[in-house]
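The entries below follow the order in which I looked things up.

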Amino acid sequence: MGEQTVTGPDATPAPEAGAAPESAPAGPASAGMTADGRQPESADVAGAGMTADAVPGAPAGGASGGPADRTSDVTAGPGGVMTDEVGVVTGELTLRTEHADGRVTLRVQYKDADEWYAVTGGSAPLADPAALDAVHTIAVGLLNRPEG
C-alpha cells in the first residue's frame, strides 16, 4: 500500500492510490496549450498571428528596431488596386503594410509572386509603430473585395 512504482532512471514516483496529485513544478512560459490542463503562464509573443517577411531591397526587420510589416491575402475589388510601378493589379493578391522610418507604406503582389508594387497613395506618416496593426486592418478592409 505504501509502495511507489518508478520506471527508468529519471522517472518520478507515481502517487499512491487515493493520494492528491502534487502540482507540477512551474516550467517556462508557453504560448500554447499544456498537456496537464493547467493554464500556461503568461508569455509575450510579439506579433502572434501575423507574418513578417523580408522585402527585397529593404533593411532587415524585427526586434532590432528595424522596420516592421504585416501581410494578408486579399482579393481586389472592381477596378483592382492601382500601383506606382505597373498600374492596376487585379485578382488574388497579398497585401503588405510596412512601417519604417516613421512612415507606413502599402505594397501588393500577385499571390505567391516575387515582385512587390507600391500602392499608389499608400504611404503616410505613422509616428507610433503600435498603430501598424490598425492601419493594416483598415487597408485589408478597403482592398479585400472577394464579392466585388
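Burial. I began with accessibility and found that 24% of the 148 residues of the protein chain count as buried, where buried means under 20% relative accessible area, exposed over 50% and partly exposed in between, with a 1.4 Å probe and protein chains only. The protein chain exposes about 10,000 Å², of which carbon and sulfur atoms supply 54%; these areas come from the Shrake-Rupley method with a 1.4 Å probe, and for residues only the protein chains shown count as cover.

Ground rules. I note that this is a predicted model, in which local features need pLDDT of at least 70 and side-chain atom pairs count only at pLDDT 80 or more, while totals for chains, interfaces and linings use all residues. Residues are numbered from 1 along each chain as its sequence is written, and side-chain values use heavy atoms, with hydrogens and water left out.

Confidence. I looked up the pLDDT, the predictor's confidence in each residue from 0 to 100, and the protein chain averages 72, with 55% of the residues scoring at least 70. Over residues 3–9 the pLDDT is below 50, and this stretch has nine contacts in the model beyond near neighbours in sequence, a contact meaning heavy atoms within 4.5 Å. Residues 42–66 also have a pLDDT below 50, and beyond near neighbours in sequence that stretch has 24 contacts in the model. I keep in mind that where pLDDT is low, the predicted coordinates should not be read in detail.

Fold. I listed one helix and six strands in the protein chain, running β-β-β-β-β-β-α from the N terminus on; helices (H or I, at least four residues) and strands (E, at least two) are DSSP runs, numbered from the N terminus. Among the contacts in the protein chain with a separation of 6 or more, 38% are between residues 24 or more positions apart.

Strand pairing. I took two strands as paired if DSSP finds at least two bridges between them. Strand β4 (residues 92–100) pairs with β5 in the antiparallel sense over eight bridges, and Thr 97 has Leu 106 in β5 as its bridge partner. These two strands, β4 and β5, form a hairpin with two residues between them, and Asp 101 in the turn has a positive phi of about 55°. On the other pairing of β5, five bridges join β5 to β6 in an antiparallel arrangement, with Thr 105 opposite Ser 123 in β6. The hairpin of β5 and β6 has six residues between the strands, and there Asp 112 takes a positive phi near 70°.

Charged pairs. How many salt bridges does a search of the whole structure find? I count five, a salt bridge being a side-chain nitrogen of Lys or Arg within 4 Å of a carboxyl oxygen of Asp or Glu. One of them joins the side chains of Asp 73 and Lys 111 at 3.5 Å, N to O. This pair links distant parts of the chain, 38 residues apart, with Asp 73 in strand β1 (residues 68–75) and Lys 111 in the loop between β5 (103–110) and β6 (117–125). Asp 73 is partly exposed at 45% relative accessibility, and Lys 111 is partly exposed with a relative accessible area of 39%.

I then turned to Glu 98, which forms a salt bridge with Arg 107, the closest N and O atoms being 2.9 Å apart. Glu 98 counts as buried because its relative accessibility is 12%, whereas Arg 107 counts as partly exposed at 22%. Salt bridges that share partners join Asp 69, Arg 96, Glu 98 and Arg 107 into one network. Within it, Arg 96 and Glu 98 form a salt bridge with closest N and O atoms 3.8 Å apart, and Arg 96 is buried, as is Glu 98.
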